[in-house]
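Please keep the sequence and the model in view while you read.

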Amino acid sequence: MRRFLMVTISAAMCLSARADDGSEAARRLLFETFDKPEPHLFVDAVIVEGDAAVVDWRQGDLGGRAFLTRKNDTWTIALCGGDALKDSATLERLGVSKPRAEALSRRLLAEEKRLPPDVVEYFSRFDGLAAVEADGGHSPLDPHHKPIP
């Protein structure tokens, strides 16, 4: 009986370590950076592939996607954008390997199909791509970006 219990505990620990892909830390970073009393931030999906992630978010009338990178165990928000961040070619241009970019894109689209269409519509509202500074400020990367008020 004792041996069975030890095997069960060991298996559970291995499974939980595998399940921890960093998505909770990525989610927490978005809340620490952007959440405020009004309007609150909603994070609807976090897709992680290796050391890259795409996060769907909404806040008030705005919404978009964030591209995160991980070095060691620390996530950094590299950019915010809209529909461009669901495209594997964009993710490749941001330095994600082709197989991981394709997996991120495919998994993100699958996850968004589970969400209500009116929620998914928010993620397209962010126009262009904007670099994110450590304090959460944005710098436009292309001429089509409309800054967040």
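In this predicted model, the side chains of Glu49 and Arg107 meet in a salt bridge, with 2.8 Å from N to O. Because Glu49 lies in strand 1 (residues 41–49) and Arg107 in helix 4 (residues 98–114), the pair ties together parts that are 58 residues apart in sequence. The count for the model comes to eleven salt bridges, and the points below take up some of them.

- Arg107, its partner in the salt bridge, is partly exposed, with a relative accessible area of 32%.

**A pair within helix 2**
- Glu24 forms a salt bridge with Arg27, and the closest N and O atoms of this pair are 3.6 Å apart.
- Glu24 and Arg27 are separated by about one helical turn, because they stand three residues apart in helix 2 (residues 23–34).
- Glu24 is partly exposed at a relative accessible area of 46%, and Arg27 also counts as partly exposed, with 24% relative accessibility.

**A buried pair and its network**
- Asp56 forms a salt bridge with Arg65, in which the closest N and O atoms are 3.4 Å apart.
- Asp56 is buried, with a relative accessible area of 0%, and Arg65 is likewise buried, with a value of 0%.
- Asp56 and Arg65 belong to a network of salt bridges that also links Asp83, Lys86 and Glu112.

Note on methods
Residues are numbered from 1 along each chain as its sequence is written. This is a predicted model: local features need pLDDT of at least 70, side-chain atom pairs count only at pLDDT 80 or more; totals for chains, interfaces and linings use all residues. Side-chain values use heavy atoms; hydrogens and water are left out. A salt bridge is a side-chain nitrogen of Lys or Arg within 4 Å of a carboxyl oxygen of Asp or Glu. Helices (H or I, at least four residues) and strands (E, at least two) are DSSP runs, numbered from the N terminus. Buried means under 20% relative accessible area, exposed over 50%, partly exposed in between (1.4 Å probe, protein chains only).
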